[in-house]
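Have the structure open while you read.

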Amino acid sequence: SPTRCSVIIVGAGVSGISAAKVLAENDVENMLILEASDKIGGRIRKESFGGVSVELGAGWIAGVGGKESNPVWELARQSGLRTCFSDYSNARYNIYDRSGKIFPSGIAADSYKKAVDSAIQKLRNQQGNHGVADVSKLYEPPSSPKTPIELAIDFILHDFEMAEVEPISTYVDFGDREFLVADERGYEYLLYKMVESFLFTSEGKILDSRLKLNKVVRELQHSRNGVLVTTEDGCVYEANYVILSASIGVLQSNLISFKPPLPRWKTEALEKCDVMVYTKIFLKFPCKFWPCGSEKEFFIYAHERRGYYTFWQHMDNAYPGSNILVVTLTNGESKRVEAQSDQETLKEAMEVLRNMFGPDIPDAIDILVPRWWNNRFQCGSYSNYPIYVNHQIVDDIKAPVGRIFFTGEHTSERFNGYVHGGYLAGIDTSKALLEEMRKEKERKTESQTFL
Ligand code: FAD
């Protein structure tokens with residue numbers, strides 16, 4: 001029969017690792033971390049591209065410079081991670097039309113203000129009408145933007161800067177500055193620094209047998225006595241408790257089956273949380289043809305199709321001389337490019353760039369298209385709760401089912417969708433589990449005394 005551990009943690013993203021660290025600090029050494037992919041980090045993932053490290057997943061430390069310190073910013077400072085200040089509010093002054101003309105700043109500012117006002121109005125109406133907003137309608141364009149510039153601004157506002165419409169806890173609590181991680185060791189270096197304190201590592205490699213990579217959990221059989229965890233390769237592990245950190249997209253998919261099935265209140269809550277797809281496409285060029293400088297770091301393409309190669313960033317501030325551009329797509333556009341070949345995507349992106357910068361610009365020499373939606377260990381990029389979410393939904397998503405505890409960015413009511421959300425969620429879940437373990441021990445002692 002399988003050896004029994006105290007806790008099995010499913011997933012080695014930031015939340016799984018912060019959860020494991022808290023357990024280790026509280027003398028729960030007998031744990032196992034099962035990770036489906038071939039490395040730790042989850043949605044924090046770097047890849048070498050065009051001679052530098054690019055971040056396929058999380059790229060920014062969001063929420064810096066406020067009264068309270070963002071714990072991820074603290075970790076970055078302690079580990080000497082290289083970061084660059086970036087301010088994408090400038091993007092609205094670098095909006096190109098299809099003929100390569102930049103919209104005058106007055107027109108851009110006016111359209112922007114109109115879009116913000118209309119979004120605020122729409123939110124007020126929804127609040128007034130229903131008390132709780134209708135999830136499905138919230139991320140629709142507030143009025144009906146029609147012109148390319150309106151559509152572009154609507155996209156920036158709703159897919160990037162909701163802060164302008166509604167205060168976002170991250171900025172309220174930690175400050176409104178954002179720093180781009182620009183370190184060859186990657187954002188994931190923070191995670192390696194974290195595991196060093198409780199897993200055996202040597203020369204940057206994790207050699208501890210309590211971390212098992214390429215272990216895809218397919219079944220959690222749970223009872224009053226414990227949990228049996230079965231992986232795709234047929235191994236079975238047994239634990240007193242499980243912490244499950246798989247993303248909301250994975251929980252909505254059928255990758256993991258539960259025996260007995262999850263209760264209805266749980267599955268219904270999981271279904272209510274939207275999954276956002278956010279894709280950063282990297283393009284490497286032989287030389288630079290775009291305007292430089294930090295105020296030009298972000299630029300926008302206004303097209304009649306919402307979200308069509310709209311949001312661009314040059315990587316000169318992060319990696320001078322790298323000649324890399326990044327374009328961000330979301331949701332429907334993300335899914336569309338995930339389904340086509342990278343060559344087709346390259347062709348589309350080049351056409352857009354030629355519209356902005358003229359026919360003579362050189363072709364990109366390399367392209368990188370992450371596929372978060374089709375990755376069965378992610379099924380999307382991050383959770384997206386409606387703004388006036390019913391607290392009960394998040395509570396239900398977070399609540400344990402018997403011996404299975406849930407964690408991950410989607411369980412963080414204040415900071416879902418962020419790295420610090422995952423980090424703090426891991427800590428919270430482990431604390432709740434430690435409390436449960438303490439109570440269980442107490443119950444056992446009591447019954448023994450009674451006997
Ligand atoms: P994950 O990192 O997804 O960890 C879960 C782990 O579980 C994964 O490693 C997965 O492989 C594993 N797993 C899943 N299923 C199984 C299974 N069945 N068996 C075993 N293991 C399993 N946040 C920011 O703060 N700033 C940003 O700029 C930012 N940008 C982002 C851009 C993109 C493109 C994406 C995708 C995310 C971005 N985020 C950003 C969000 C941030 O990356 C996440 O909120 C955070 O990393 C989530 O951590 P987690 O531990 O909750 O989940």
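## Overall build

Of the contacts in the protein with a separation of 6 or more, 74% are between residues 24 or more positions apart; a contact here is two residues whose C-beta atoms, placed from the backbone, lie within 7 Å. Keep in mind that this is a predicted model, where local features need pLDDT of at least 70, side-chain atom pairs count only at pLDDT 80 or more, and totals for chains, interfaces and linings use all residues. Numbering starts from 1 along each chain as its sequence is written.

The protein has 13 helices and 23 strands, taken as DSSP runs numbered from the N terminus (helices: H or I, at least four residues; strands: E, at least two). Its radius of gyration is 23 Å, close to the 22 Å that the globule rule gives for 451 residues, so the protein is as compact as a globular protein of that length. That radius is taken over C-alpha atoms, and the rule is 2.2 Å times the number of residues to the power 0.38. Along the principal axes, the C-alpha atoms fill a box of roughly 85 × 55 × 45 Å. Buried residues make up 45% of the 451 residues. Buried stands for 20 or more other C-beta atoms within 10 Å of a residue's own, exposed for 12 or fewer, and partly exposed for in between, with C-beta atoms placed from the backbone.

## Helix H11

H11 covers residues 342-357, and its 16 residues reach 22 Å from first C-alpha to last, close to the 22 Å expected at 1.5 Å a residue. The expected span is 1.5 Å times one less than the number of residues. Its buried residues are Thr345, Ala349, Leu353 and Met356. Seen down the axis of H11, they fall within an arc of 65°, so they line one face of the helix; the arc is that of the directions from the helix axis to the C-beta atoms.

What do the buried residues of H11 pack against? The list is E7 (95-96), E17 (278-284), E18 (298-301), E20 (324-330), helix H10 (331-339) and E21 (366-368). On the face turned away from the buried side sit the exposed residues Gln343, Glu344 and Glu351. After H11 comes Gly358, with a positive phi near 100°.

## The six-stranded sheet

The strand order in this open sheet is E7-E18-E19-E20-E17-E21, with mixed pairing; two strands pair if DSSP finds at least two bridges between them. E7 and E21 are the edge strands, each pairing on one side only. E18 and E19 (residues 311-314) run antiparallel and are joined by three bridges, and Phe298 stands opposite Gln313 in E19.

H10 lies across E17 and E20, running at about 115° to E20. Axes here are lines fitted to C-alpha atoms, for helices over the stretch in contact, and angles run from 0 to 180 degrees between N-to-C directions.

## Other strands

E5, E8 and E6 form an open antiparallel sheet in the order E5-E8-E6. Its edge strands are E5 (60-64) and E6 (83-86). Neighbouring strands of this sheet are turned by 30° against each other on average, direction ignored. Four bridges link E5 to E8 (residues 177-181), with Trp60 partnered by Leu180.

Elsewhere, E1 (residues 4-10) and E2 run parallel over four bridges, and Val10 has Leu34 as its bridge partner. E2 (residues 31-34) is covered on both faces: Met31 and Ile33 are buried on one side, Leu32 and Leu34 on the other.
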